[in-house]
Each structure stands twice: as C-alpha cells, then as structure tokens.
Amino acid sequence: MSTFQAPKGTYDLIPPQSAVHLKVREAFAAPLKAAGYGYIETPAFEDVALFSRGVGESTDIVTKEMYVFETKGGTRLALRPEGTASTVRAVLEAGLHKAGNLPVKVWYSGSQYRYERPQKGRYRHFWQVGAEAVGAEDPALDAEMIIMADDAYKSLGLRQYRILLNSLGDKECRPAYRTALQEFLRGLDLDEETRRRIEINPLRVLDDKRAEVQKQLTGAPLMRDHLCEACKAYHEQVRELLTAAGVAFEDDDRLVRGLDYYTRTTFEFVHGGLGSQSAVGGGGRYDGLSEMIGGPALPSVGWALGVDRTVLALEAEGIELDLPAATQVYAVPLGDEARRRLFGLVTELRREGVATDFAFGGKGMKNAMKSANRSGARFALIAGERDLAEGVVQVKDLESGEQGPVALDAVVAELRARLA
Ligand code: AMP
C-alpha cells in the first residue's frame with residue numbers, strides 16, 4: 001500500500017470488476033444508438049453559474065454538493081454534478097438546434113461529482129450514461145426515453161426494478177398547485193431549513209425521505225388533481241404508449257426528483273435490492289431549462305442512468321454478465337529462440353482478434369503455467385527448442401488438460417477455429 005488512498009467517497013475501478021462497468025455502459029448505450037442518438041462529450045467542469053441557474057438554486061446539488069473552485073485566472077468553475085445542463089449548453093453553443101432537425105438527440109457517458117455523504121451506492125465520484133432529446137414536445141419522445149432505459153435494464157437481465165411515473169405539470173398549471181401546496185406545508189411542524197424550502201421550491205418537500213416529514217404529508221394536495229387539460233392529455237398519452245410497448249410502470253404522485261428543471265413527465269427506475277439508495281436511473285421533461293440558461297424555448301426530455309448502482313443491482317440479483325474472456329490464449333516460451341518465435345505468434349494472434357498474453361519476465365515453466373491458468377485463457381501455447389526444431393508448438397487445452405503439437409504455420413488458424 002502507498003501513502004495515499006482514493007479520496008473519501010470514491011473508489012477505483014479495477015480489473016476484473018471494471019469489465020462489468022464497461023459492459024453496463026455498453027448496455028445503456030445500445031438502445032440509444034438504435035434510436036438515432038449521437039454521442040456528445042463535454043468538459044468535466046463548467047462555469048458554476050450554469051449549474052446554479054440550470055440545476056436550480058434550491059437544490060441540494062447546488063447548495064451543498066458542488067465541487068466549486070476558482071482558477072488562477074479568477075473564473076469560478078464547478079465539477080459537473082450532472083450532465084443535462086452541460087449537454088444543453090453545448091447543444092446551444094454549437095447551434096445544433098438550428099440545423100432544422102428537431103429534436104436534437106444526444107447521449108453521453110461520464111463521471112459526475114457530488115459532495116454527498118458517502119454510503120453504499122452513494123459516491124462523490126460516480127458514472128452516468130445519459131440521453132437528452134432537445135427541442136420537441138411529443139409524448140412519444142417521453143415514452144421513447146422510458147422504453148430505451150427499460151430495454152437497457154432488461155438486456156442486462158435485471159428484473160427487480162420498478163418504474164415510477166408522475167407528471168409535474170407545466171407553467172400553466174404548476175403555479176396554482178405550488179401555491180396550494182405551500183399553504184398546506186406552512187401548516188406543518190417542520191424544521192427551519194424545510195420551512196425555507198417551502199418558499200423556494202415546495203415540491204421538493206414532497207421528496208423528503210424522513211419519516212417524520214412523510215407522516216405529515218398524507219393529505220397534501222397532489223399535482224394530479226391540479227393538472228391542466230393539456231398536461232393531463234399529454235400524460236395520458238405517455239401512459240398509453242408505455243402500456244402499448246409492454247412497459248410496466250406505477251403512478252407515483254410524490255415523485256418530484258431533486259432537480260429544479262423538471263416539467264410534466266418525471267420518472268425514476270428504483271431497484272428493490274439496494275436499500276436506501278434505490279434509484280438506479282431517472283429523468284424527465286425539462287421544458288424550461290434552455291431558457292433558464294439563456295437559450296430559446298426548447299422543450300426537452302432526458303434521463304441519466306447510474307452505472308455504479310446498476311452494477312450493485314446486478315450483484316443484488318446474482319446476475320453474472322456474459323463477459324468475453326480477457327485472455328483466450330497464453331504463450332509460454334522455453335528458451336530464447338522460443339521467446340522470439342512465440343512473441344511473433346502472439347502478435348499475429350492479436351492482429352487476428354484473438355486475445356493473447358505472453359509469459360513476460362522470463363518465468364520458468366511452472367510459474368508460467370500458473371500464470372496461464374490464472375489468466376483465464378482457454379489454451380496455452382508452449383514451445384521449447386525441440387518443438388521449434390520439429391516446426392511445431394504444443395497447444396494445451398487448459399480446460400481438459402489435453403495437449404498436442406500443431407504446425408507453426410497452422411497454429412493461428414487452428415486456434416481461431418477451436419475458439420470459434
Ligand atoms: P440524478 O442525476 O440525481 O437524477 O441521478 C440519476 C442516477 O444517477 C441515479 O438514479 C443514480 O443511479 C445515479 N446517482 C446519482 N447520484 C449518485 C451518487 N452520489 N452515487 C452513485 N450514483 C448516483
């Protein structure tokens with residue numbers, strides 16, 4: 001061990017576990033690629049004001065959890081706590097929304113940073129794959145988002161998750177609901193900070209996880225009863241499209257989520273095997289965000305799926321992903337001439353797409369065979385001077401233990417065939 005450790009609330013992704021994370025990222029990306037989403041990558045840091053305006057001054061993310069720093073040039077930057085504000089900023093900056101093809105559909109994969117209280121499933125550095133469809137208002141687009149995430153989780157074999165769905169209304173109906181909710185909340189027995197929240201963003205109080213708060217919320221006015229006709233019809237269409245696609249969801253009147261920019265459709269994927277940090281992914285419609293950060297009106301919808309928690313969900317369900325072997329063939333040379341010849345074969349096999357490793361460091365036979373077995377390879381290639389003189393290498397099947405000579409010039413084709 002060195003003097004240093006990974007910072008509190010973070011962990012290193014190391015092999016072999018890292019392969020699972022990569023596979024999850026790929027599974028999240030697959031439905032996006034099939035639906036016309038293009039890859040986007042933005043810096044890990046942005047002007048701090050992008051998040052305070054875009055994510056919202058009243059959110060925990062902005063008030064407590066952002067990593068803010070000042071550059072030598074005096075600019076105040078923040079490590080990104082989420083991907084949507086940056087993505088919309090980049091879309092606006094590049095003028096993608098003016099190219100005439102709305103919605104602009106993009107996806108990203110990257111780390112996010114939040115100064116949260118660390119616990120299992122909650123880290124200060126974590127990975128999200130996200131999707132955003134910018135510039136269209138269409139219930140089918142909201143449904144598309146939820147269907148893609150559902151397909152991604154299903155493709156990983158996950159079963160024990162639920163989809164929670166709600167509508168938060170829009171600028172027509174939300175203000176009256178907000179007022180009604182505020183009136184209700186002001187009558188409750190709440191701490192100072194929560195009282196302040198009632199005035200800034202009362203919907204977030206509904207999201208309070210504390211039992212003593214939740215207890216008092218029975219009887220709170222519900223958005224459902226305040227939705228305007230347009231929002232009601234929109235939500236009904238989203239629900240119908242999901243049902244037609246065979247996606248099972250639950251209506252959840254209390255689902256508001258922690259970011260200020262959501263309007264209308266909001267949803268969360270929660271997993272039963274994760275304890276308190278149960279949300280594996282979530283998102284919704286954010287029709288006002290573009291204007292909040294100085295852009296034109298661009299109604300949009302998106303989600304972010306958490307890779308770290310999804311890996312925990314796979315563990316909770318006992319799912320082992322079908323991962324390709326890191327090493328298929330392991331070469332063990334005995335002597336200098338064999339080292340040269342086998343290293344040549346190793347390069348050739350790799351160029352043919354066979355994952356191949358080599359006994360580096362001049363290991364003896366016994367040690368090298370141990371490494372071959374540990375590598376997980378199916379075959380060992382072994383050659384000494386006598387083999388080379390006969391123009392062969394020994395191919396050992398590490399599963400069955402069977403071993404036999406194969407001509408040097410035939411071994412690449414032979415191994416490819418046996419591995420197919
Ligand atoms: P949010 O951006 O808060 O809507 O989060 C979207 C998803 O990212 C969540 O459902 C989690 O799976 C994941 N996530 C959010 N915060 C954390 C965190 N601190 N640690 C690990 N995963 C997180």
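How do the residues of the shell around the ligand divide into nonpolar, polar and charged? They divide into 5 nonpolar, 4 polar and 5 charged, where Ala, Val, Leu, Ile, Met, Phe, Trp, Tyr, Cys and Pro count as nonpolar, Asp, Glu, Lys and Arg as charged, and the others, Gly among them, as polar.

1. Basis of the note. This is a predicted model, in which local features need pLDDT of at least 70 and side-chain atom pairs count only at pLDDT 80 or more, while totals for chains, interfaces and linings use all residues. Residues are numbered from 1 along each chain as its sequence is written, and side-chain values use heavy atoms, with hydrogens and water left out.

2. The chain as a whole. The protein chain holds 16 helices and 16 strands; helices (H or I, at least four residues) and strands (E, at least two) are DSSP runs, numbered from the N terminus. Its C-alpha atoms fill a box of roughly 90 × 50 × 45 Å along the principal axes. Of the 420 residues, 51% count as buried, a term that means under 20% relative accessible area, with exposed meaning over 50% and partly exposed in between (1.4 Å probe, protein chains only). The accessible surface comes to about 20400 Å², and 50% of that belongs to carbon and sulfur atoms; such areas come from the Shrake-Rupley method with a 1.4 Å probe, and for residues only the protein chains shown count as cover. Among contacts (heavy atoms within 4.5 Å) between residues at least 6 apart in sequence, 69% join residues at least 24 apart.

3. The ligand shell. Of the 14 residues around the ligand, Arg114, Glu116, Tyr123, Gln128 and Arg257 come nearest, a residue being near a molecule if one of its heavy atoms lies within 4 Å of it. Strands E6 (125–134), E10 (279–285) and E11 (300–306) each supply at least two residues of the shell, and the largest share, 3 residues, comes from E10.

4. Polar atoms at the ligand. A backbone N or O atom of tyrosine 123 lies 2.8 Å from a nitrogen atom of the ligand. An oxygen atom of the ligand is 3.0 Å from an N or O atom in the side chain of glutamine 128, and an oxygen atom of the ligand is also 3.0 Å from a polar backbone atom of alanine 279. The protein covers 93% of the 480 Å² of accessible area that the ligand has on its own.

5. Arginine 264. This residue lies in strand E9 (residues 263–271) and is buried, with a relative accessible area of 6%. Although arginine 264 is not a glycine, its phi is positive, at about 45°. The side chains of arginine 264 and aspartate 170 are joined by a polar contact of 3.4 Å; a polar contact is a pair of N or O atoms within 3.5 Å, where within protein one must be able to donate a hydrogen and the other to accept it, and residues adjacent in sequence count only if both atoms are side-chain atoms. Leaving aside neighbours within four places in sequence, the residues in contact with arginine 264 include Glu137, Asn166, Tyr234 and Arg285.

6. Helix H16. In H16 (residues 411–419), Val411, Val412 and Leu415 are buried. They cover an arc of only 100° around the axis, which puts them on the same side of H16; the arc is that of the directions from the helix axis to the C-beta atoms. On the other side of H16, Ala413 and Ala417 are exposed. The buried residues of H16 pack against several elements, including helix H13 (336–351) and strand E12 (329–333).

7. Helix H7. In H7 (residues 192–200), Thr194, Arg197 and Ile198 are buried. They cover an arc of only 110° around the axis, which puts them on the same side of H7. The buried residues of H7 pack against helices H3 (60–63), H6 (174–186) and H8 (203–206). At the start of H7, a side-chain oxygen of aspartate 191 reaches to within 3.2 Å of the backbone nitrogen of glutamate 193.

8. Cis peptide bonds. Most peptide bonds are trans. The bond from proline 15 to proline 16 is cis, with omega near 5°, and proline 16 lies in the segment before helix H1 (17–33). A cis peptide bond also joins leucine 102 and proline 103, with omega about 0°; proline 103 is placed in the loop between helix H4 (84–94) and strand E5 (104–113).
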